[in-house]
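Work through the exercises below with the sequence and the coordinates open. Each task is followed by its solution in steps.

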Amino acid sequence: MMQAVLFDLDGTLHDRQRTLRHFLQWQYEKHASSWGTFSKETFMQQFEAYDQGGMVWKDQVYRQLKEELHVSEHPDELLEEYVEHVADHAVWMEGAQEALAACRHKGLKTGLITNGRSTLQRHVIGALQLEQKMDVILISEEEDIRKPEADIFLRAADQLQLEPEACLFVGDSLETDAKGAASAGMRSLWLHGEMNCGARVLPAYEQLISYLEEEM
Ligand SMILES: [Mg+2]
């Protein structure tokens, strides 16, 4: 019987892409008077290209931007702005807030497991007020272990005092989330995933509740 639903953060509960775009617009406008030699679109496109969907840490992204666009600010200053302010622009993935509320309304425990830097992830967690909505929160940097390693999923189940079989994990990465959780004995759903890739797919959050009702 299902007793808990755990989620990934970026691309699952948190619309990182949209948040990033809002932040980059804000950052460009803040520096617009000295960045007039290139457009906002150029800045955003270059940033997103170097960022590789969040795979590259931002110190490197800003260093590359400095070389490419010849911005006068020191990369560290821009990085500090990023760390400090990106979460001010944090937005939910479509349907995620409602799905999370529905899980809690059903009496299910909820949890979060995210790979990432503690400071940054904590800012996003705070901005979306996730502390109040989660029974367990694990961040890879704090745990010194990352998804898809089974141990991080097992640690979350342990903290919830549940068997992994009683937990469902929802995430937007096939390898990191869906397969990682499955390797720990959890059930898993690949959010927005492709059919026939060896994982059960959750096409949209609206279907999460019917899935839970089938399984509960
Ligand atoms: Mg993700």
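**Exercise 1. State the secondary structure content and overall dimensions of the chain.**

Step 1. The chain holds ten helices and six strands; helices (H or I, at least four residues) and strands (E, at least two) are DSSP runs, numbered from the N terminus.

Step 2. Its radius of gyration, 19 Å, is close to the 17 Å that the globule rule gives for 216 residues, so the chain is as compact as a globular protein of that length. The radius is taken over C-alpha atoms, and the rule is 2.2 Å times the number of residues to the power 0.38.

Step 3. Along the principal axes, the C-alpha atoms fill a box of roughly 60 × 35 × 35 Å.

Step 4. The model is predicted: local features need pLDDT of at least 70, side-chain atom pairs count only at pLDDT 80 or more, and totals for chains, interfaces and linings use all residues. Residues are numbered from 1 along each chain as its sequence is written, and side-chain values use heavy atoms, with hydrogens and water left out.

**Exercise 2. Which way do the residues of S1 point, and are they buried or exposed?**

Step 1. In S1 (residues 4–7), Ala 4 and Leu 6 point one way, and Val 5 and Phe 7 the other way.

Step 2. All four are buried, that is, under 20% relative accessible area with a 1.4 Å probe, protein chains only.

Step 3. Over the whole chain, 50% of the 216 residues count as buried.

**Exercise 3. What share of the contacts in the chain with a separation of 6 or more links residues 24 or more positions apart?**

Step 1. A contact means heavy atoms within 4.5 Å.

Step 2. Residues 24 or more positions apart account for 62% of these contacts.
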